[in-house]
Amino acid sequence: MRIACPFCGERENGEFTYLGDASPKRPNFAIDGGEVVEDAFYDYVYLRDNVAGVMREYWYHGGGCRSWLVAERNTVTHEFISVKAAPGAGAAKPAQAGE
């Protein structure tokens, strides 16, 4: 299985580490507050769907550019449909002036 890193090109999957489902949204205590948010946070931390089909996943390219990536992968065929840099992480950050 090969993964097309947006920064390094196509690489062996041994360079990457699977980090989990990229779909859950973190509850916001400051906005929502209360016990309802505690239940939502429990769901966010511990409960995951076991999807048979296409799902969004976090991957880390530790053997290359050390970037966090978001990949769409078919969990049945293991086909990678798309791989993008995770927003706001690692090499996905725009270069600051003077760097």
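Analyst: Let us begin with burial: a residue is buried under 20% relative accessible area, exposed over 50%, and partly exposed in between (1.4 Å probe, protein chains only). Arg73 is classed as buried because its relative accessibility is 11%. This is a predicted model, in which local features need pLDDT of at least 70 and side-chain atom pairs count only at pLDDT 80 or more, while totals for chains, interfaces and linings use all residues. Residues are numbered from 1 along each chain as its sequence is written, and side-chain values use heavy atoms, with hydrogens and water left out.

User: How many helices and strands does the protein chain have, and in what order do the elements run?

Analyst: Helices (H or I, at least four residues) and strands (E, at least two) are DSSP runs, numbered from the N terminus. The protein chain has two helices and six strands, in the order β-β-β-α-α-β-β-β from the N terminus. Of its 99 residues, 24% count as buried.

User: Which residues make up the largest nonpolar core?

Analyst: In soluble globular proteins, nonpolar side chains tend to be buried together. A nonpolar core is a set of buried Ala, Val, Leu, Ile, Met, Phe, Trp, Tyr and Cys residues joined through side-chain atoms within 4.5 Å. Here the largest one has eight residues: Ile3, Cys5, Phe16, Trp59, Leu69, Ala71, Phe80 and Val83. At least two residues of this core come from each of β1 (2-5), β5 (68-74) and β6 (80-85).

User: What does Leu69 contact, beyond its neighbours within four places in sequence?

Analyst: A contact means heavy atoms within 4.5 Å. With those neighbours left aside, the contacts of Leu69 include Cys5, Phe16, Trp59 and Val83. For the protein chain, residues 24 or more positions apart account for 43% of the contacts with a separation of 6 or more.

User: How many salt bridges are found in the whole structure, and where does Glu57 take part?

Analyst: A salt bridge is a side-chain nitrogen of Lys or Arg within 4 Å of a carboxyl oxygen of Asp or Glu. The whole structure holds four. Glu57 pairs with Arg73, with the closest N and O atoms 2.8 Å apart. This pair links distant parts of the chain, as Glu57 lies in strand β4 and Arg73 in strand β5, 16 residues apart. Both Glu57 and Arg73 are buried. Apart from residues up to four places away in sequence, Arg73 touches several others, among them Met55, Trp59, His78 and Phe80.

User: Which residues are linked in a network of salt bridges?

Analyst: Arg2, Glu10 and Glu12 form such a network. Within it, the side chains of Glu10 and Arg2 meet at 2.9 Å, N to O. Arg2 counts as partly exposed because its relative accessible area is 41%. A further salt bridge joins the side chains of Glu15 and Arg11 (3.4 Å, N to O); Glu15 is partly exposed, at 22% relative accessibility, and Arg11 is partly exposed, at 27%.

User: Which residues make the nonpolar surface patch?

Analyst: Patches are made of residues with over 30% relative accessible area and no salt bridge; like charges are joined within 9 Å, and nonpolar side chains (Val, Leu, Ile, Met, Phe, Trp, Tyr) within 5 Å. Accessible areas come from the Shrake-Rupley method with a 1.4 Å probe, and for residues only the protein chains shown count as cover. Tyr42, Val45, Tyr46 and Leu47 make a patch of about 440 Å². Leu47 is in the loop between α2 (35-46) and β4 (54-60), and its relative accessibility of 46% is why Leu47 counts as partly exposed.
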